[in-house]
Amino acid sequence: MPYKNIEEYNIKITDEVRERYKHIIEELGEDTAREGLVKTPERAAKAMMFLTQGYHQDAKAILESAMFSENYNEMIIIKDIEVYSLCEHHMLPFFGKAHIAYIPNGKIVGLSKIPKVVDVFARRLQVQERLTKEILESIDDALRPQGVAVVIEAAHLCMMMRGVQKQNSVTTTSGFKGQFEKNETRNEFLKLISSDLR
Ligand SMILES: Nc1nc2c(ncn2[C@@H]2O[C@H](COP(=O)(O)OP(=O)(O)OP(=O)(O)O)[C@@H](O)[C@H]2O)c(=O)[nH]1
Ligand SMILES: [Zn+2]
């Protein structure tokens, strides 16, 4: 389904998701007729559909909508892109930052398209490893660059609010293709994303 039709899609399925949220809230022991909760099933349904709208978006189409021929052969890095996703095991958020680089091969892409692609894959039920790989592969597939690199650093609420209850652990995942499989290029990227210029 194309990117722009997402709102229509949401409206169509809200009723069913809303009713299921209502049942869950009641099963948890709450009164859905209570003033503060009357609209909560609808709000929760909308929020969850917003947070999972990536299933109906096409990363390749987003990238291909703004690709330009350019003779630029250096590394392009977009760092500190905010990431908010939901872990597929507990449906609790994990969040942090993505750092993405590519080396063009005749084509550059509109800069804003890279964070949009991050959101396409983040707004699904995910594991951080797959999120990293899907971003990497979609950029590789659309741009066919000389190389692409993705690093994601994230904190998982399922490890903070419950479970092992560790408040300060950060999980780092990475993926490298093409030129970034060479140590020298990979190290330059890793040095640049950890620089003080951030
Ligand atoms: N590899 C990976 N694991 C994740 C991610 N998000 C959550 N998890 C883990 O998924 C695992 C699910 O393990 P289970 O033992 O089936 O679930 P659980 O009993 O709720 O586990 P605990 O969280 O250890 O209480 C847990 O170890 C989570 O920490 C992720 O993005 N990547
Ligand atoms: Zn989890």
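**View 1. His 90 is in contact (heavy atoms within 4.5 Å) with Cys 158 and Arg 162, setting aside its neighbours within four places in sequence.** The model is predicted: local features need pLDDT of at least 70, side-chain atom pairs count only at pLDDT 80 or more, and totals for chains, interfaces and linings use all residues. Residues are numbered from 1 along each chain as its sequence is written, chains are lettered from A and ligands numbered from 1 in the order written, and side-chain values use heavy atoms, without hydrogens or water. His 90 sits in the loop between S2 and strand S3 (93-103). Strands are DSSP runs of E, at least two residues; helices are H or I, at least four. His 90 has 37% relative accessibility, so it counts as partly exposed (between buried, under 20%, and exposed, over 50%; 1.4 Å probe, protein chains only).

**View 2. Cys 87 lies in strand S2 (residues 76-87).** Its relative accessibility is 5%, so Cys 87 counts as buried. Beyond neighbours within four places in sequence, Cys 87 is in contact with Leu 92, Phe 94, Gln 126 and Cys 158.

**View 3. An unreviewed UniProt entry lists Cys 87, His 90 and Cys 158 under "binding site".** The three residues span 72 residues in sequence, yet no two of their C-alpha atoms are more than 7.9 Å apart, so they gather at one spot. Such annotations may be inferred rather than shown by experiment.

**View 4. Ligand 1 is surrounded by a shell of residues (a heavy atom within 4 Å).** The shell holds Cys 87, His 89, His 90, Val 127, Gln 128, Glu 129, His 156, Cys 158, Met 159, Arg 162 and Gly 163. It divides into 4 nonpolar, 5 polar and 2 charged residues. Gly counts as polar and Cys as nonpolar. Helix H5 (128-143) and helix H6 (157-160) each supply at least two shell residues.

**View 5. Gln 128, Glu 129 and Arg 162 make polar contacts with ligand 1 (N or O atoms within 3.5 Å).** From Gln 128, a backbone N or O atom lies 2.7 Å from a ligand 1 oxygen atom. From Glu 129, a polar side-chain atom lies 2.8 Å from a ligand 1 nitrogen atom. A side-chain N or O atom of Arg 162 is 2.8 Å from an oxygen atom of ligand 1. On its own, ligand 1 has 630 Å² of accessible area, and the protein covers 50% of it (Shrake-Rupley method, 1.4 Å probe).

**View 6. Residues 19-193 carry the UniProt annotation "domain: GTP cyclohydrolase I" (unreviewed entry).** The span is 39% helix and 28% strand. Its end C-alpha atoms lie 45 Å apart.

Key
Polar contact = N/O pair within 3.5 Å; in protein donor to acceptor, adjacent residues only side chain to side chain.
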